[in-house]
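Thanks for asking me to take a look at this one. Please have the sequence and the 3D view open side by side as you read.

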Amino acid sequence: ARVVEMNMIYTDTERAPQYIGPIKASTTQYFIDEQTFQNRVTIGSIGPKSYSFPPLLQIALQAERNIMDERRMKVTFRQLIVSLFGKVVSKKDLNQKGVWKMVYVGEVDGLDGKKVLLRIMRTPSLYILANEL
């Protein structure tokens, strides 16, 4: 099964993307297709994903990735999208580029024995993302 969304579990950046001011948000990477993804910061998600209401606030950076080799990808951020209660209220075009280095991508056993997809990358900040398989 294709993983569509991964949760950020750690970053060493000073600008912690999981906080908007003093409010802690969830930070995910959501894959739209093989090339396009969004880095999402979300506040106010209610309920399990099967019937959840739209989040109070979501800020998404939409990007395209182009695989350079098995350890590097070129990432181009194309849009900043702000949504309130699931409705887009602002979009801003971007053209920011960088090369991300994959430190590790693979399956590991979680503490509960379940399989987890783990991605560790440098952007240049260190990011660790995970999703239960």
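Here are my notes, going from the overall fold to the core, the charged pairs and a few local details.

1. **How to read the model.** This is a predicted model, in which local features need pLDDT of at least 70 and side-chain atom pairs count only at pLDDT 80 or more, while totals for chains, interfaces and linings use all residues. Residues are numbered from 1 along each chain as its sequence is written, and side-chain values use heavy atoms, with hydrogens and water left out.

2. **Confidence.** The score to watch is pLDDT, the predictor's confidence in each residue on a scale from 0 to 100. For this protein the mean is 88, and 87% of the residues reach 70 or more. Where pLDDT is low, the predicted coordinates should not be read in detail.

3. **Overall fold.** The protein has 10 strands and zero helices. Both kinds of element are DSSP runs numbered from the N terminus: helices are H or I with at least four residues, and strands are E with at least two. Of the 133 residues, 36% are buried. Here buried means under 20% relative accessible area, exposed means over 50%, and partly exposed is in between (1.4 Å probe, protein chains only).

4. **The main core.** Which residues have the most contacts inside the largest nonpolar core? They are Phe 37, Val 75, Phe 77, Trp 100, Met 121 and Leu 129, in a core of 15 residues. At least two core residues come from each of β1 (5-11), β7, β8 (87-109), β9 (115-122) and β10 (126-132). A nonpolar core is a set of buried Ala, Val, Leu, Ile, Met, Phe, Trp, Tyr and Cys residues joined through side-chain atoms within 4.5 Å. In soluble globular proteins, nonpolar side chains tend to be buried together.

5. **Met 121 and a second core.** Leaving aside residues up to four places away in sequence, Met 121 touches Gln 29, Trp 100, Lys 101, Met 102, Val 103, Leu 126, Tyr 127 and Leu 129. There is also a second, separate core of six residues, including Val 116, Leu 118, Ile 120 and Ala 130.

6. **Arg 78 and Glu 64.** A salt bridge here is a side-chain nitrogen of Lys or Arg within 4 Å of a carboxyl oxygen of Asp or Glu, and the count comes to five. In one of them, Arg 78 pairs with Glu 64, with the closest N and O atoms 3.5 Å apart. Arg 78 lies in strand β7 and Glu 64 in strand β6 (residues 57-67), so this pair ties together parts that are 14 residues apart in sequence. Both are partly exposed, Arg 78 at 35% relative accessibility and Glu 64 at 26%.

7. Asp 109 forms a salt bridge with Lys 115, their closest N and O atoms being 2.9 Å apart. Asp 109 is exposed at 54% relative accessible area, whereas Lys 115 is partly exposed at 41%. Lys 114 forms a salt bridge with Glu 132, at 3.9 Å between the closest N and O atoms. Because Lys 114 is in the loop between β8 and β9 and Glu 132 is in strand β10, the pair ties together parts 18 residues apart in sequence.

8. **The surface patch.** Which residues form a nonpolar patch on the surface? Leu 56, Leu 84, Phe 85 and Val 89 do, with about 380 Å² of accessible area together. Patches are made of residues with over 30% relative accessible area and no salt bridge; like charges are joined within 9 Å, and nonpolar side chains (Val, Leu, Ile, Met, Phe, Trp, Tyr) within 5 Å. Areas come from the Shrake-Rupley method with a 1.4 Å probe, and for residues only the protein chains shown count as cover. Leu 84 is in strand β7 (residues 72-84) and is partly exposed at 38%.

9. **Two backbone details.** Phe 85 is found in the loop between β7 and β8 and is exposed at 55% relative accessible area. Its phi is near 50°, a positive value in a residue other than glycine. The peptide bond from Thr 123 to Pro 124 is cis, with omega near 25°, and Pro 124 is in the loop between β9 and β10.

Note on methods: Contact = heavy atoms within 4.5 Å.
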